Amino acid sequence: MRRLIFIAVLFVVIAEIANTQLVEVPVAKEEGDELGDMGFNFKEEEIDGGFSSLDGMLQWAIGHSDPGVLKERSEVFQRMSPEELKERQTEIKELVEKLKMPSDAQLMQIAVNDLDNSSLPLEHHQRALEELLVLVEHIDNAIDLHKLGGFSVLLRKLDHFEPQIRTAAAWVLGKASQNNPVVQKQVLELGALPMLMKMMKSHSTEEALKALFAVSALIRNNLIGQDMFYQEAGHTMLQEVLSNSKLDIRLHKKSLFLIADLADGQLENENTAAVPFFSNRLLLKAVVDSMASSDLDLLEKALYAIKNILLLRSAEVQVFKDFCKLNEALERMRQQLQQFMVEDDLREYATDLEGLRREVELTFLQKLDKVTQAAR
């Protein structure tokens, strides 16, 4: 009985707060409204379908109430008869329904509908994409988005005339696909990969970055996606990025990371047929040439890419030696790292990279020695 009285008191306080701060708590977001501007300062976990439990609502009410008001209301309710309390309980239930927030599925449906409505202003489409970007971080939400027709709408936005919309759509697709095999399959079957790879040629750096992010998310640990990437001349796409010094360095880093990741995946599936991707002379040379950079982070990613490729049984060691001049590149890097080691703030990182460089050099020489002996 005491708990019921306490709950009743708290909900009356909630009602008073609602009456003073809100005219109405909408079920769906109206034009120009934001979920965080509804009068209550909801935390993120309170927006995924209302309060997760009665205790959650009680905790919120306690934090937003006046202790004096609570005591006063408690005394009033203690004097109520069981019938009056039951009537109050019914009113409380109606209040809870009124305060209920839309579920994630409802929020996604609203965003998808807005995104698919060509009569709405561009800002509405941008806002819908921003909302989806947050919602699809949850794996289940990402899977449900397909059921709501969201991926089909997002794919259409990849051809939008406005770069910001294309960029945001690619970002959402990438977020939804990350570590999510179900979504990867859904998005790949819709034909997103070729569209995203085409976006890599955009003059907008952000668009190209988000497209590459989405491509990486789609094919990571996904053999079908990787096969599609190879068939779509993924080696050419990455080689063109790495060979273009005018491009943003972030594109170079992400490209090298993707190559290293693909090679690592191939190492785990050595029983499958060799992939020509890792024997492409121009791509291998572009990776080795990246070692001339003065950016330590980029050097590290280049070393890992070369190391993983060298570890493959099908590694073209002779190509690395004769065409890519890996010997010379490794020696130049050694000298460069020595210079970095003189600087206090770079010494530790440069020392670690020197260890990795030696590891790559040792692997390369061992492989080269095996090839030389086999040729005798």
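Tutor: Let us begin with a definition: helices (H or I, at least four residues) and strands (E, at least two) are DSSP runs, numbered from the N terminus. The model is predicted, so local features need pLDDT of at least 70 and side-chain atom pairs count only at pLDDT 80 or more, while totals for chains, interfaces and linings use all residues. Residues are numbered from 1 along each chain as its sequence is written, and side-chain values use heavy atoms, without hydrogens and water.

Student: Why is the contact between Arg334 and Glu331 called a salt bridge?

Tutor: A salt bridge requires a side-chain nitrogen of Lys or Arg within 4 Å of a carboxyl oxygen of Asp or Glu. The closest N and O atoms of Arg334 and Glu331 are 2.6 Å apart, so the pair qualifies. Both residues lie in helix H19 (residues 326–340), three residues apart, about one turn of the helix.

Student: Why is Arg334 called partly exposed?

Tutor: Buried means under 20% relative accessible area, exposed over 50%, and partly exposed in between (1.4 Å probe, protein chains only). Arg334 has 24%, and is therefore partly exposed; Glu331, with 29%, is likewise partly exposed.

Student: How many salt bridges does a search of the whole structure find?

Tutor: The search finds 20.
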